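The exercises below are to be worked with the sequence and the model side by side. Each task is followed by a solution in steps.

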Amino acid sequence: MVITKKFNSIAAIQALQKIACDVPDSVQIHNLEGDKVVDAKSFIGLFTLDFSKEVNIVTDSEYVIKELEKLN
């Protein structure tokens, strides 16, 4: 599944990373251009993306999808 989402704070990005670490499934973040892909479990990797824009979150985890809907 792919969700497009904009994060408005560092706290929300930290929450995303924590949610990703709670599941064994892969959780990837792609910029909208598709030229950068980051593992959402990598806190340092997350900061290589431009979160002033929307990003695509790619995962098969229903838990991650439900938790992301609660953010922001």
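**Exercise 1.** Which residue forms a salt bridge with Asp 50, and how far apart are the closest N and O atoms?

Solution. The model is a predicted one.
- Step 1: The partner of Asp 50 is Lys 53, with the closest N and O atoms 3.9 Å apart.
- Step 2: The cut-off for a salt bridge is 4 Å between a side-chain nitrogen of Lys or Arg and a carboxyl oxygen of Asp or Glu, so a pair at 3.9 Å counts.
- Step 3: Asp 50 is partly exposed, at 40% relative accessibility. Lys 53 is also partly exposed, at 47%.

**Exercise 2.** Work out which residues of H1 are buried and how they are placed around the helix axis.

Solution. 
- Step 1: H1 has 12 residues and spans 17 Å from first to last C-alpha, close to the expected 16 Å.
- Step 2: The buried residues of H1 are Ala 12, Ile 13, Leu 16, Gln 17, Ile 19 and Ala 20.
- Step 3: They cover an arc of only 160 degrees around the axis, so they lie on the same side of H1.
- Step 4: Ile 10 and Lys 18 are exposed on the other side.
- Step 5: The cover over the buried residues of H1 includes S2, helix H2 (43-46) and H3.

**Exercise 3.** Describe the largest nonpolar core and the elements that supply it.

Solution. 
- Step 1: The largest nonpolar core has 21 residues, and those with the most contacts inside it are Phe 7, Val 27, Ile 29, Leu 46, Phe 51 and Leu 68.
- Step 2: At least two residues of this core come from each of helix H1 (10-21), S2, strand S4 (55-59) and helix H3 (62-70).
- Step 3: H1 gives the largest share, five residues.
- Step 4: Setting aside residues up to four places away in sequence, Phe 51 touches Lys 6, Phe 7, Ile 13 and Leu 46.

**Exercise 4.** Is Asn 31 buried or exposed, and what does its side chain meet?

Solution. 
- Step 1: Asn 31 is located in strand S2 (residues 27-31).
- Step 2: Its relative accessibility is 13%, and the limit for buried is under 20%, so Asn 31 counts as buried.
- Step 3: The side chains of Asn 31 and Asp 35 are joined by a polar contact of 2.5 Å.
- Step 4: Beyond residues up to four places away in sequence, Asn 31 touches Lys 36, Leu 49 and Asn 56.

Conventions. Residues are numbered from 1 along each chain as its sequence is written. This is a predicted model: local features need pLDDT of at least 70, side-chain atom pairs count only at pLDDT 80 or more; totals for chains, interfaces and linings use all residues. Side-chain values use heavy atoms; hydrogens and water are left out. Helices (H or I, at least four residues) and strands (E, at least two) are DSSP runs, numbered from the N terminus. Buried means under 20% relative accessible area, exposed over 50%, partly exposed in between (1.4 Å probe, protein chains only). A polar contact is a pair of N or O atoms within 3.5 Å; within protein, one must be able to donate a hydrogen and the other to accept it, and residues adjacent in sequence count only if both atoms are side-chain atoms. Contact means heavy atoms within 4.5 Å. A nonpolar core is a set of buried Ala, Val, Leu, Ile, Met, Phe, Trp, Tyr and Cys residues joined through side-chain atoms within 4.5 Å. The expected span of a helix is 1.5 Å times one less than its number of residues. The arc is that of the directions from the helix axis to the C-beta atoms.
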